[in-house]
Amino acid sequence: MLANAQILKNGLSCDDCFNISVKNHILTMRYIGGAVVSNFSIPLSDISNLSMDHWFGSQQVDFLYHDLKFKFIENGYGDIDYLKKNLFQKNAA
């Protein structure tokens with residue numbers, strides 16, 4: 001699943017495109033392009049402050065992982081529905 005993510009740390013932000021998947025309670029984000037050079041493997045149990053919001057009419061999913069804040073804003077490819085299905089249900093389990 002393709003998703004655009006904004007990753008914030010210490011007031012600095014980076015926007016990039018990732019291929020995301022959730023398997024075995026781990027959110028994997030593989031870098032596709034842009035300025036970020038890291039891939040992420042985030043255990044769902046390490047995600048905090050998981051929230052759903054709206055941004056200028058689009059759905060948005062936010063969460064914290066250690067010292068990073070991740071924001072996913074709906075881009076029309078089903079990414080937010082995928083995150084809602086996999087992060088919220090698994091985080092509640």
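Asn49 counts as exposed in this predicted model, because its relative accessibility is 56% and the cut-off for exposed is over 50%. Asn49 lies in strand S5, which covers residues 47-55. The phi of Asn49 is near 55°, a positive value in a residue other than glycine.

**His66**
- His66 is not a glycine, yet it has a positive phi of about 55°.
- The place of His66 is in the loop between S6 and strand S7, the latter spanning 68-73.
- With a relative accessible area of 61%, His66 is exposed.

**Gln60**
- Gln60 is found in strand S6, made up of residues 58-65.
- Gln60 has a relative accessible area of 5% and is therefore buried, since buried means under 20%.
- A polar contact of 2.7 Å joins the side chain of Gln60 to the side chain of Asp62.
- Leaving aside residues up to four places away in sequence, Gln60 touches Ser51, Met52, Asp53, Trp55, Lys71, Phe72, Ile73 and Ile80.

**Aromatic rings**
- The count of aromatic pairs comes to 5.
- A cluster linked by ring pairs holds Phe18, Tyr31, Phe40, Phe63, Phe70 and Phe72.
- Phe72, a member of this cluster, is also one of the residues that Gln60 touches.

**Fold and dimensions**
- The chain has 1 helix and 7 strands.
- Read from the N terminus, the order of the elements is β-β-β-β-β-β-β-α.
- The radius of gyration is 12 Å, close to the 12 Å that the globule rule gives for 93 residues, so the chain is as compact as a globular protein of that length.
- Taken along the principal axes, the C-alpha atoms fill a box of roughly 35 × 30 × 25 Å.

**Burial, contacts and surface**
- Of the 93 residues in the chain, 32% count as buried, and Gln60 is buried too.
- Among contacts in the chain with a separation of 6 or more, 35% come from residues 24 or more positions apart.
- The chain exposes about 5,500 Å², and carbon and sulfur atoms supply 50% of that area.

Key:
Residues are numbered from 1 along each chain as its sequence is written. This is a predicted model: local features need pLDDT of at least 70, side-chain atom pairs count only at pLDDT 80 or more; totals for chains, interfaces and linings use all residues. Side-chain values use heavy atoms; hydrogens and water are left out. Helices (H or I, at least four residues) and strands (E, at least two) are DSSP runs, numbered from the N terminus. Buried means under 20% relative accessible area, exposed over 50%, partly exposed in between (1.4 Å probe, protein chains only). A polar contact is a pair of N or O atoms within 3.5 Å; within protein, one must be able to donate a hydrogen and the other to accept it, and residues adjacent in sequence count only if both atoms are side-chain atoms. Contact means heavy atoms within 4.5 Å. Rings of Phe, Tyr and Trp (its six-membered ring) pair if their centres lie within 6.5 Å; planes under 30 degrees apart count as stacked, over 60 as edge-to-face and the rest as tilted. The radius of gyration is taken over C-alpha atoms; the globule rule is 2.2 Å times the number of residues to the power 0.38. Accessible areas come from the Shrake-Rupley method with a 1.4 Å probe; for residues, only the protein chains shown count as cover.
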